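Me: Hi! Could you walk me through this protein with me looking at it on screen?

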Amino acid sequence: MPLAPGTSHTSDFAGRSWSEAWTEGRDTPGDCIPPSMVAPPSPPPPPPDPQFVLRGARSAVHALHFCGGAQGQGHPLLLSGSLHGLVHIWSLQTRRVLATLDGHAGKCVTWLQTLPPGPQLLSQGRDLRMHVWDLAEGRNAIVDSVCLESVGFCRGSVLACGPQRWMLAMPGKGGDEVQILEMPSKTSVCSLKPEAEARPGMPMCLQLWQADSSPLPLLLAGYEDGSVALWDVSARKVCSRVACHEEPVMGLDFDSQKARGVSGSAEKALAVWSLDEQRALQVHGTHQLTNPGVADVRIRPDHRLLATAGWDHRIRVFHWRTMKPLAVLAFHSAAVHCLAFATDGLLAAGSGDQRISVWSLYPRM
């Protein structure tokens with residue numbers, strides 16, 4: 001298969017084929033074949049090309065989100081947020097823009113999330129606004145907004161609390177707080193401010209989730225000092241904090257099934273950590289990367305793959321359970337800012353080169 005311009009044959013699993021790296025532990029019948037009859041190993045195949053590429057964002061892509069069909073379409077859609085404040089709704093069937101939302105005064109869109117039960121979209125921009133958009137029946141209107149008190153780089157997080165209720169975590173005032181709101185009423189639940197002695201700096205990334213054993217929401221937050229903290233939202237206290245990086249945490253994701261998470265930072269390492277039954281965070285190890293700068297990390301919905309977005313223009317793919325490198329995808333010509341997985345396993349990556357690459361790397365298993 002010919003490679004797209006800029007695609008590299010580089011991989012982190014030299015000497016092994018893609019299928020060998022993925023399946024692990026297969027038998028080697030060559031052990032009982034005379035050496036003279038053993039064929040020399042063939043070189044590993046190059047990484048694949050993207051399944052397709054979306055062009056037309058008109059500026060760097062900083063946010064991505066897959067969602068079910070809307071706008072009268074039955075097929076899944078991809079939403080993208082750009083440096084110049086536009087949200088594009090892409091059809092994955094026609095690979096064209098269905099609609100463009102312009103509500104952030106030309107300021108960068110940093111986060112996108114569809115809301116329960118839909119079809120509504122939440123967009124966060126560096127204009128200090130979070131907008132709720134009504135996307136039903138072809139409408140593209142702002143129906144509500146929330147004012148942010150910190151411009152920062154921190155993306156919000158949502159958690160469904162009922163058929164028509166959801167909880168929103170977002171950066172709060174003072175630079176070091178996290179504000180929790182109940183939506184759509186915009187009722188303040190609490191403000192989470194670190195202890196004075198901790199001084200972790202600004203929150204850089206947030207993830208709300210709910211443990212199966214407890215109806216109470218929990219919040220994972222990555223901070224400017226490289227630490228990751230677990231907050232009990234109801235008690236307004238930190239259950240556990242662990243130092244993961246020497247640089248600010250730029251992205252994190254958490255696998256609630258395995259009680260295991262991963263984070264990336266401005267340094268050239270990923271940190272893998274876990275949460276025990278006493279809600280204590282523990283770092284299990286780090287995985288060194290070739291170049292510094294991880295802008296985003298995403299675990300695939302089936303918990304089999306991990307993907308990272310690199311400042312070095314590359315997407316790295318790992319086996320999530322073993323952290324074994326599977327691929328280095330060097331399609332983009334500028335930093336990769338964001339990633340998103342679809343429920344069917346499709347991976348999208350947004351870059352400073354104004355392109356969105358869409359990949360089908362391994363079938364869901």
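Me: What is the average pLDDT?

Reply: The protein averages 86, and 84% of the residues score at least 70. pLDDT is the predictor's confidence in each residue, from 0 to 100. Over residues 1-31 the pLDDT is below 50.

Me: How should I treat low pLDDT?

Reply: Where pLDDT is low, the predicted coordinates should not be read in detail.

Me: New topic! What is the strand order in the open sheet of four strands?

Reply: The order is 1-28-27-26, with antiparallel pairing. Strands are DSSP runs (E, at least two residues), numbered from the N terminus, and two of them pair if DSSP finds at least two bridges between them.

Me: Which strands stand at the edges?

Reply: Strand 1 (52-55) and strand 26 (336-341) do, each with a single partner strand, so one side of each is left without a neighbour in the sheet.

Me: And how many bridges join strand 27 and strand 28?

Reply: Four bridges, linking residues 347-351 with residues 355-359 in the antiparallel sense. Gly350 stands opposite Ile356 in strand 28.

Me: Now the largest pocket: how many residues line it, and which lie nearest its centre?

Reply: There are 50 lining residues, and His65, Gln113, Gln207, Asp253 and Arg298 lie nearest the centre. On a 1 Å grid over the protein atoms alone, a pocket is an open set of points with protein on both sides within 12 Å along at least five of seven lines, a cavity is a set where a 1.4 Å probe fits but cannot get out, and lining residues have an atom within 4 Å of a point.

Me: Which strand gives the largest share of that lining?

Reply: Strand 14, with seven residues. Strand 14 covers 203-210, and strand 26 is also among the strands that each supply at least two residues.

Me: Last one: which residues line the largest cavity?

Reply: Arg300, Leu305, Val317, Phe341, Gly345, Leu347, Trp359 and Leu361.

Conventions
Residues are numbered from 1 along each chain as its sequence is written. This is a predicted model: local features need pLDDT of at least 70, side-chain atom pairs count only at pLDDT 80 or more; totals for chains, interfaces and linings use all residues. Side-chain values use heavy atoms; hydrogens and water are left out. Contact means heavy atoms within 4.5 Å.
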